[in-house]
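Hello,

Please find the structure we talked about below.

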Amino acid sequence: MLAKRIIPCLDVKKGRVVKGVGFKGLRDAGDPVELALAYYEQGADELVFLDITASYERRRTLIDLVERVSEVLFIPFTVGGGIRTVSDIRSVLSAGADKVSINTAAVKNPAIIEEASRRFGSQCIVVSIDVKRVYVAEDETPAGKEVLETRRGRCWWDVYIYGGRQPVGMDALRWAERAVELGAGELLVSSLDFDGTKQGYDIELLRELSRRVSVPIIASSGAGNPRHMLEALTVGGADAALAASIFHYGQYTVEEVKRYLAEHGVPVRL
Amino acid sequence: MVRIAIVDYGVGNLKSIRNGLRKVGAEAFVTGSVEGLKDVDAVVLPGVGAFGEAIRNLADMSGVLRSLVDAGRPLLGICLGLQLLFTASTEGGFHRGLGFFRGLIVKLPSRVKIPHIGWNTLEILNPGCVLLEDIPDGSYVYFVHSYYAKVEEGVNVDAETVYGVRFPSVVSKEPVFATQFHPERSGKVGLRVLENFVNYVRR
């Protein structure tokens, strides 16, 4: 039976992990390779490296990182952050990454999804979508927006680019469907409303998305405990749950989360 | 040390399979030419991309692959590499394959999400298979594919996996072996599969 996946996410800047790390026994907690291996040992199903370096030296350090990770890590990993062109995608994949995630570049130039998935296969093209709810009045239905009744009120979901800094004014559900039509192999969905809150994922968004698209959905943003991941993978219908801080700060190990999921009937690889 | 050539037919990540084979003690290298296949102990046909393009890019090498196998050199197909070993595929039209195994490559049923991405279980039918030594039944391995092999007679199905349909995840006809999953991405279980292959090459 296909297992649901648990994916730790590492934010990397200039080749170093930037978020605080609660692992014990690491010689260098900021070394992405050492942290990746620790997650591998804990039973992570995949890893995501998000490069947040904002400078010209980004590309070289990123390729170097991908090559080093690929030498020691024998589970799939995805690289995202600042990938703009098909040539960027090619260099990351040929350095040893299994997938790339694209966000801003895909919104600004959707044809990149089509071209990249044709060249490299849709299985390695993850379209990452950052969203934020826009609440509307009872009698209001903005044109071109999919308005849903949620527990917190009527809303639609706007797409954000540039690391969540800039709203696009584009309906996220429709964008997700279009990205899949263009060749996205998976969707990585992050909610700016829930990110960092530790109050759980945006389950209503995930449920609606998994009803609409046929590719796997990776839920991101908001995990504070294993129950949140359980909700995303069951009620939300997500295929994978990504989390950063609950793992980095050592609150839970990947194995603890997976044991919890297994006890609640979710198929996981233990 | 055994020398294993990884066939480069133009697309995808070949580093991870090379690193995996090195990790389990083989001298592995990537080659895209017929000359590169001289004096090798075994060949790995990796797998990323579309069938039609892959088989076109392999056209020059198919004869050499056949002679290597006829001479008893082990061949391991991975993912698309498994599919290329069959008679033909229906991916994007109709394409003839390398024909080491009899059978047709067809698309997974539309009632499940496609591609089949992620960790799924092996149901081991032939525990005596060289590749499966010390691999427990029910082990999870990593898959990424949209098509699968409908096997005809003369091919051993050593393990199966269920995803919308029951399909062969390990097939063999010595000295040719193939996995629909990615051993180089399947953690410790996958490394053991690669080690089993390397041990077979070394025998």
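Here is what I found, starting with confidence and then moving to the details.

This is a predicted model. It scores ipTM 0.90 and pTM 0.92. Chain B has a mean pLDDT of 94, with 99% of its residues at 70 or more.

The interface comes next. On chain A, 26 residues are in contact with 26 residues of chain B. On the chain A side, α2 (58-72) and α3 are the elements that give two or more residues. By class, that side has 12 nonpolar, seven polar and seven charged residues.

Now α3(A) again, this time within its own chain. Its axis and that of helix α5 (residues 111-120) of chain A come within 10 Å and cross at roughly 35 degrees. The crossing is right-handed. From α3(A), the contact uses Val86(A), Ile89(A) and Leu93(A). From α5(A), the partners are Ile112(A), Glu115(A), Ala116(A), Arg119(A) and Phe120(A). Six residues in this contact are nonpolar, none are polar and two are charged.

One residue to look up is Ala97(A). You will find Ala97(A) in the loop between α3 (86-94) and β5 (99-102) of chain A. Is Ala97(A) buried or exposed? Ala97(A) counts as buried, because it has 28 C-beta neighbours inside 10 Å, and the cut-off is 20 or more. Leaving out residues up to four places away in sequence, Ala97(A) touches Val66(A), Phe77(A), Thr78(A), Val79(A) and Val92(A), plus Asn13(B) from the other chain. Cys124(A) is 27 residues from Ala97(A) in sequence, and their C-alpha atoms are 9.0 Å apart.

Best wishes

How values were computed
Residues numbered from 1 in each chain as written. Chains lettered and ligands numbered in written order. Predicted model: local features only at pLDDT ≥ 70, side-chain atom pairs only at ≥ 80, totals over all residues. Helix = DSSP H or I, 4+ residues; strand = E, 2+ residues; numbered from the N terminus. Buried ≥ 20, exposed ≤ 12 C-beta atoms within 10 Å, placed from the backbone. Contact = placed C-beta atoms within 7 Å. Nonpolar A, V, L, I, M, F, W, Y, C, P; charged D, E, K, R; others polar. pLDDT = per-residue confidence, 0-100. Axes fitted to C-alpha atoms, helices over the stretch in contact; angles between N-to-C directions. Left-handed = near helix turned anticlockwise from the far one by under 90°.
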